[in-house]
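Dear colleague,

Please find the structure below, handed over for your reference. My notes on what was found in it follow directly after.

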Amino acid sequence: MDKIDSPEEQEEFPFVPNNQMDQQQQYLRYMDERHEYRNRKIKTSHGQYVKVMVLFAILQIIGIAFFTKGFLLSRQVLQNQATCLEQQESESCERFSPFKKTVVLLIDALRFDFVIPVEGENADPYYHNNFPILYDQFVKHPRNSLLLKFIADPPTTTLQRLKGLTTGSLPTFVDAGSNFDGDTIDEDNWVSQLHNHGKNVAFVGDDTWTALFSPFLHSNLTYPYPSLNVWDLHTVDDGVIEHLFPMMHDKSHEWDVLIGHLLGVDHCGHRYGPRHYAMKQKLNQMNSLVDQVISSLDDDTLLVVFGDHGMDYTGNHGGESKDELEAALFMYSKRKNFGRLAQEYYNVTDLGNNYRSVNQIDLVPTISLLMGLPIPYNNLGSPIEEAFIGPDGKDQHQLAKVNFLTCQQIHRYRQHSDQLSSDTVVNLKFEELSEHWDSLQQGKKDQLDFIKFNEQCYEYQSLSLEKCKSLWATFDNVSIAIGIVLVTVSLLLLTIYAKLVPLVVITQLNPQFIATSAAMTLVHSLLVISFTTIFKPENLNILWSCLLGISLGIINGILAPIIDRYSVPWLLAQVRENLIQNGWTYLALSVVLMHSLIFTSNSFVIWEDKIVAFWLTSFGFCAFFKSFKHKDSYKQLLGAYHSVVFILLTRMTSSIRFCREEQGSKCLSNFEVTWWSVGLIYVSAMLLPKMIEKFFDITHSFHGAAPLWISTGLKSMMMLTGLMWTLEYIENSDYFNAQFKIPFEAFKATRLTIARIVMGISLIASNFGWFLGPLCIKIDLKSDTDNQQVLKTANIIGYGNVYGSAYFLFVINVLCAVLLVNKPLGIVSLALLVNQILTLLELIDILNIRTNLISVVAMGLLAYLHFFTTGHQATLQAIHWDTGFIVTESIVFPFTHLCILMDTLGPFIVVCLCVALMCLWKIPPTSKAISLISKIVENSSTLLIYQTGLTLSTLIMTNHFRRHLMVWKIFAPRFMLNGIILITMNVILSLVTVGFATGRVIKRWNQVFGT
Amino acid sequence: MSATPKKVKKTVSFSRNSPSLSDRNPSTEPGSPVRESGFDLADDEPQLRELPKPSPAFVLLPFHSLVVVYALYFHYDISSKVISALRSSALAVLTLQFGFGLMTLATLKNKKKARKLRSPNGGELMYLVISSIISGFAAVPIFVILLVFGAPIGSLTEETAFLALHLSFLTIFPLLLAYKFTDSDAGDTWIRLLTFQVPAFYKNQVYLQAMGALVGCWLGVIPIPLDWDRDWQQWPITLLTGAYVGSFAGSLISYLHNIFE
């Protein structure tokens, strides 16, 4: 609390002579003009800072885009359609089965061990032994049925699987990102082949099919249901059941192939995980469904039931763990059609570990041949043996026929593909194969010869598949190099901008940066575009060359004014002068270096969560010891106290764990929705506002708007969020469902209403209120009678932290929205984060490291720590898709996307906002507003430097490890995460932190008090 | 009249309250920017009283640290059976430390006289015993610090406890020999030792030995997450090795530093 004399002191002089009055008025007018001039100046330089930050953001986004374009390349897709004329030299294809019709039931996420009998301690009451009919049929009717393990190719997302299951080709990683909007499939596939051969395809279920195959489905017999609402377990399944049986019974003459895609099991996994009674109900329902379908099949119909992927122990999928890859495949018919291999292939012990497995793409030639279609052109799969060797298992001749047809098609495809045609090893193998086939046609036909030939065929098919797999990680090196260079240059420029050139010079140079960049962007764009039009490089089209031109323009525009003034040796000298301030900076630099280096090893990437916590604790210890170097012994103790609190909070936070699969048995997840985690929301709702109040009290800032925002606003928002999760918990708990009949509809409606209220208040209403400029100060008017003179004084309470306290209210606004979309333990983690940030701000003040690199690094590490402790990992399957449905019931742009983004990057958003506080917290109003803004820009850019360093490191290392076994599992997801974090940081820092909030706080104070 | 607002401005002036914010002030000469207080304590911090510094000596180098590491790996086979190796080696390690303590005490005492080792008297023996006991108790806070740094809570407790004990004997014990708790200003000295307020610490051989143990232990975590599947990656072998090697390295660095200066 600073005590100042207020302007009201003027009242001390009630009788002023006239000429003095004039002087006073003149002075006031002068002050007014000066005030206005200053305000205008602040506004202009603030705007220029924001513009330059946006320039940096554009540069970095373009760099990442180039790398992504080059790295996440897709394989070559041939548009050719297979025909019977080409494959079998006749108008129609031979049908290798007696079946006229087929029913295909796709049970999403049907993991293999769900359908086999599991005994002993491995058996889970919820997901084992609840879907026994497939295995029962397999055992009871060996010639009528077939049950196999069905191995998916990663990524195990439904869209990619559907493409693989119908085209027989391998998926590419880039498709995984477009899981939300699949375009119509343009590769040859068996659904389009059915359509081309005049068969009617009826469909009911997941609407991904209509997105991919709508031209080929019979329009009167198509019943799609929305697929991505993972909280809804029943709509799709009920829809399938509702339409499936009428179509099978009454309209059976209208279709030739009936496809049903059931989503309940998958959604149940996403929502509750496999270990939940809902999973048991779902599997039982599937069991009875298949039972009914079997009983209503006629003799000429083939039934195919399969899962497109499995699920991991959390119920999610997308990666390549064993549990995610292993699905089940079941075929059944009333006619005896299926053979068997030796009995030991079908070993169900040990969760079916040694059970015979086939690839998912193997379904494609199998189904095509069984239905009398040409094998799709791009197919790489092999025919499934049991389906062709006849009920006695002896018909090797038929198997040889289909095998050779498949091999021929694979060979044809390889010859047409530029990448594959020159592979002599595979081509030689095919020549041997054709010779063998010719000799078989002429010579006497011995069973053993056929067996040998079939073995040779399978060898060829698997060799071809292996070669394709290794080849289709092809990369566009030019784009990758451009991307890496752009990000590297942006890192250098940011360092020069934020840390090397003095801030005052930067303030003067900003208009030059903007003007030169604008001009140079035009020049470079023109240059690059004309280069592209003349030389037509294959990696660069007009759009990308335009982007390249823009980025070069920005680089040139920022570099030119700097190089104009300073020499390189001078800039290098500044590293010692400005960047490195003391021992703290060395610590910070070593942390940045170590953090960049962890991307060189997959083990370190896997354990990043623990590593980050370790560094933060180390920082806390350094702060503890450094506190004792303070002159003031009270400050020494205060610093030590805050350090200890910081360390303990870090340890508490890091005990929330959400493990990734690779961490294995050394990590036990405790990130779950349970009664105690929901209870903890209420505890944090009580404690967090109290803690913030205490921190405000240090500077006597808990006045004005602060009680409303913190004690009322934040607390009630958190309570509502807690209520929402309580409803959600009751809805899903075994216990409550067994005891009461829960009105699900009412619960759902209440939940959504609460979520929308919280979201609306935190993002719209409270920000509107904040924009009006609340301040956390109290003006304490006093009048003292002293020596017969009345002294009127005004104390501004909370003067010592005017900017910081007002700014923090804005952080609370955003925080509420972030809290809403996080899961219960994530909310606890975020509450701890706010506490840690406030502690860190006190430490920064005590240790006097406001513009030191270490403060920014500590902030960045906090964001990473809480990224992990809010239940995330750098993997695709760890994304909380279900939080997208907190505010809306179905997918609504942009709310669903916004929710998922805020959930995933919540800690980063909060930290980006709080970076400004490092310079705003605990400072009294300043007359040098521009210098304050420039310091905030410096710190924001420093955070960007840190993150750019990490992103650059992942770009380089991911590119380096592109043939590494783990690249798609560990490095590529980490690179994608780093890219998204960098983009988000750029956007939030430039537009929200500096652009909106900082400008508003500083301008507001100047409006009110006009210092 | 016009002076009043100016006065206000001065009292709340920015640079007074937070010097760091003005450290890139243009008015400052480019050659001498205002620097924040660094580790070099010369600038603006209160001049610390020089701590009595044990004079460097070759005999003070903890060669037994290397012996302990060697014995743990090759005699006790710590890689394959961690806990039993820790248990069975404890007494031997203690004896070695005790021996080192005797030697250190004698060296430090005889500094002024011709370097002649003589047998310790009863008081010194008593002091060593009490120091060992104190070091044993000091393992408790070190244990807590290890937990805070991320050691598993609830599992591997005995391993962590042994690590804490070893660390205590690598840090507190040698310091107790150099800075006796029987000295008159022991309290002040020890507060400064424990809060790292030791001027020119790199010249202080015993202190750098203790620091080296801590730094070595800190660096010892690096190999743990690697997926090499080696036995020696088990908790807490790498930290223990790091601490012992670090303590020798710290002592050696300080010794060499003193010699070549």
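Helix H33 (residues 895–915) of chain A is mostly covered, with 17 of its 21 residues buried; buried means under 20% relative accessible area, exposed over 50% and partly exposed in between, with a 1.4 Å probe and protein chains only. Helices (H or I, at least four residues) and strands (E, at least two) are DSSP runs numbered from the N terminus. This is a predicted model, in which local features need pLDDT of at least 70 and side-chain atom pairs count only at pLDDT 80 or more, whereas totals for chains, interfaces and linings use all residues. Residues are numbered from 1 along each chain as its sequence is written, chains are lettered from A and ligands numbered from 1 in the order in which they are written, and side-chain values use heavy atoms, with hydrogens and water left out.

H33(A) spans only 26 Å between its end C-alpha atoms, while a straight helix of 21 residues would span 30 Å at 1.5 Å a residue; the expected span is 1.5 Å times one less than the number of residues. A kink of about 75° lies at A:Leu905, shortly before A:Pro907; the bend at a residue is the angle between axes fitted to the seven residues ending there and the seven starting there.

Strand E7 (residues 301–306) of chain A has six of its six residues buried. A:Thr301, A:Leu303 and A:Val305 cover one side, and A:Leu302, A:Val304 and A:Phe306 the other. E7(A) pairs in the parallel sense with strand E2 (residues 101–107) of chain A over six bridges, where two strands pair if DSSP finds at least two bridges between them. Within this pairing, A:Lys101 has A:Thr301 as its bridge partner. Strand E8 (residues 326–333) of chain A runs antiparallel to E7(A) and is joined to it by five bridges, one of which links A:Phe306 with A:Leu329.

The largest nonpolar core has 199 residues, of which A:Ile692 and A:Phe808 touch the most other members. Such a core is a set of buried Ala, Val, Leu, Ile, Met, Phe, Trp, Tyr and Cys residues joined through side-chain atoms within 4.5 Å. A second, separate core of 101 residues includes A:Leu106, A:Leu148, A:Met248 and A:Ile294.

Finally, A:Asp113 is in helix H3 (residues 112–115) of chain A. A:Asp113 counts as buried because its relative accessibility is 7%.

Yours sincerely
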